[in-house]
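Hi,

Here is the structure I promised to pass on.

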Amino acid sequence: MKDEQAVSEDAVVVPELEEEDRERIKEEVREAAAEAEEAAGSGKTCIVCGKEAAYCMRGLPNNTYCKQCAKEHFKFLNYLERL
Ligand SMILES: [Zn+2]
């Protein structure tokens, strides 16, 4: 029989963080990933004009928009997520 507990113990070495810190780190990671993808090109295109997409609708990753169309169709970019 294998001791599976040794594995789960390793997964809990990360010190507890304040909720605020966790959110900030998550945000930083997300931004870094978005920037990296932007640099490499997301490969997604705007569903309106076909240009390279920079945003997608929150919860609808297939509804992608370039910055210009996003601004025209959504007055508030809060409804969108950066790709
Ligand atoms: Zn567009």
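Below is what turned up, starting with the sheet and ending with the core.

Before anything else, please keep in mind that this is a predicted model.

The sheet is an open one, built from three strands in the order β2-β1-β3, with antiparallel pairing. β2 (60-65) and β3 (80-82) sit at the edges with a single partner strand each, so one side of each has no neighbour in the sheet. On average, neighbouring strands here are turned by 40° against each other, if you ignore direction. As a bit of background, strands of a sheet pair through backbone hydrogen bonds, either parallel or antiparallel.

Now for β1, residues 55-57: three bridges join it to β2, and the two run antiparallel. Looking at the individual positions, Y55 stands opposite Y65 in β2, while C56 has T64 as its bridge partner. The hairpin of β1 and β2 has two residues between the strands, and G59 takes a positive phi near 85° there.

Which residues does C56 touch, leaving aside its neighbours within four places in sequence? They are P61, N63, T64, L80, E81 and L83.

C56 also turns up in the largest nonpolar core, which has eight residues. Y55 and Y65, the pair from the two strands, belong to that core too.

Happy browsing!

Definitions and conventions. Residues are numbered from 1 along each chain as its sequence is written. This is a predicted model: local features need pLDDT of at least 70, side-chain atom pairs count only at pLDDT 80 or more; totals for chains, interfaces and linings use all residues. Two strands pair if DSSP finds at least two bridges between them. Helices (H or I, at least four residues) and strands (E, at least two) are DSSP runs, numbered from the N terminus. Axes are lines fitted to C-alpha atoms, for helices over the stretch in contact, and angles run from 0 to 180 degrees between N-to-C directions. A nonpolar core is a set of buried Ala, Val, Leu, Ile, Met, Phe, Trp, Tyr and Cys residues joined through C-beta atoms within 7 Å. A residue is buried if 20 or more other C-beta atoms lie within 10 Å of its own, exposed if 12 or fewer, and partly exposed in between; C-beta atoms are placed from the backbone. Two residues are in contact if their C-beta atoms, placed from the backbone, lie within 7 Å.
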